[in-house]
Amino acid sequence: MTEAQNLLDLDPLGFVAYCASFGEKPFRARQLQRCIHLNGISDFDAMTVLSKSLRDKLKTCSSIRHPPVLKDCTSEDGTRKWLLDIGSGNAIETVYIPEQERGTLCISSQAGCAVNCFFCSTGKQGFSRNLVIGEIIGQLWMAEFALRASRSRVPSSERVITNVVMMGMGEPLLNFDAVVSSMRLMIDDHSYGLSRRRVTLSTSGLVPMIDRLADELPVALAVSLHAPNDTLRDKLVPLNKKYSLKELMMACRRYLCVAPRNFITFEYCMLDSINDSDKCAQQLLALTRDMSCKFNLIPFNPFPESRLLCSRPERIKRFAQILIDGGVVVTVRKTRGADIDAACGQLAGKVYDRTHLSKRNLQNASASFM
Ligand code: SAH
Ligand code: SF4
């Protein structure tokens, strides 16, 4: 028996092709997509807009499955985190961050990550596998409709998640096709209808894939910089050895020609005595001179055995001031959900480090900074 088609694995064109296989017209595909992604309906009998015969066919051949929830916790500040089971002992995390004017969902794109940045707990777990479309969009589907249900007793059509950031576990540009298909669903009016400005992809700097993203689906771009020169960045973000800062900056400039926002966000994890000197801030200004950008300084979130410290608050303040004085817009990220381990870089690592990579990697990495 062939396995049921998970409808969460279909992007907008996939819906059309799937419905065509039943002899149905494209408008039926859009109706089906709307039932699932706009209205959150998972019971085929409740999809009354579809003909009875199509509903019956769907019931026998397909299903709607997001990864099962292993854990669902809400922090004192309202941040909510789901731990999702993706099989074979792997788990991923999805985090919802409520703010006054918006609700942001932080989505994972891979189980583990091969880039292995010096300060990242996901990287320390090693790479397990790419997520499929249903596991990526399934995070948004599950979170949006769970949040709506917990807000009101009557089914609500008011959107809770207004922004998505691809900043959970994994390097999204190393899972390009599934990530782009999922983002197509995010921006499609027959599903979540988010503007491209409200979908942000964060990357450690895969230059050729930044260009491909510019061609195929330019969403808001965040680049994890973390160092102002190649010597330091080679150590913090090993991918830099392949794509140098010069190449990365050129790719950012090319991206700006098509970006939905007129700036690139540079993320910079503040690590005590490693990348937080006045000189580093000055070098950053020189590196990004004449480029339309914003800096997001992320206080380092320690995790077990990281052996690294976050920069002191006065240091972060001074670092930010140098950038501001140089004419750059700077935000310092607030740590959210720390009581439920939902802060950046703490995702799932506590639960799953089957390979004990963390110990080995950190021993090697710390040695190179001594
Ligand atoms: N792989 C992508 C997106 C996921 S990581 C990337 O690297 O951009 C999202 C952000 O969290 C990145 O800027 C990453 O560098 C940062 N980050 C990772 N570990 C962190 C930690 N322990 N403390 C603070 N920020 C961290
Ligand atoms: Fe991967 Fe991003 Fe973590 Fe680097 S910071 S190891 S790219 S998830």
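In this predicted model, one oxygen atom of ligand 1 sits 3.5 Å from a polar backbone atom of threonine 203, a polar contact in the sense of a pair of N or O atoms within 3.5 Å (within protein, one must be able to donate a hydrogen and the other to accept it, and residues adjacent in sequence count only if both atoms are side-chain atoms). Overall, 20 residues surround the ligand, the closest being Gly170, Ser202, Ser224, His226 and Asn301; a residue is listed if one of its heavy atoms lies within 4 Å.

Now for the chain itself. It splits into domain 1 (5-63) and domain 2 (69-363), with bounds from an automatic or database domain assignment. Their centres, taken over C-alpha atoms, are 32 Å apart. Contact (heavy atoms within 4.5 Å) links 16 residues of domain 1 with 16 residues of domain 2.

Together the domains bury about 1300 Å², 60% of it on carbon and sulfur atoms; this is the accessible area (1.4 Å probe) that two parts lose on being put together, summed over both.

As for conventions, residues are numbered from 1 along each chain as its sequence is written, while chains are lettered from A and ligands numbered from 1 in the order in which they are written. Local features need pLDDT of at least 70, side-chain atom pairs count only at pLDDT 80 or more, totals for chains, interfaces and linings use all residues, and side-chain values use heavy atoms, leaving out hydrogens and water.
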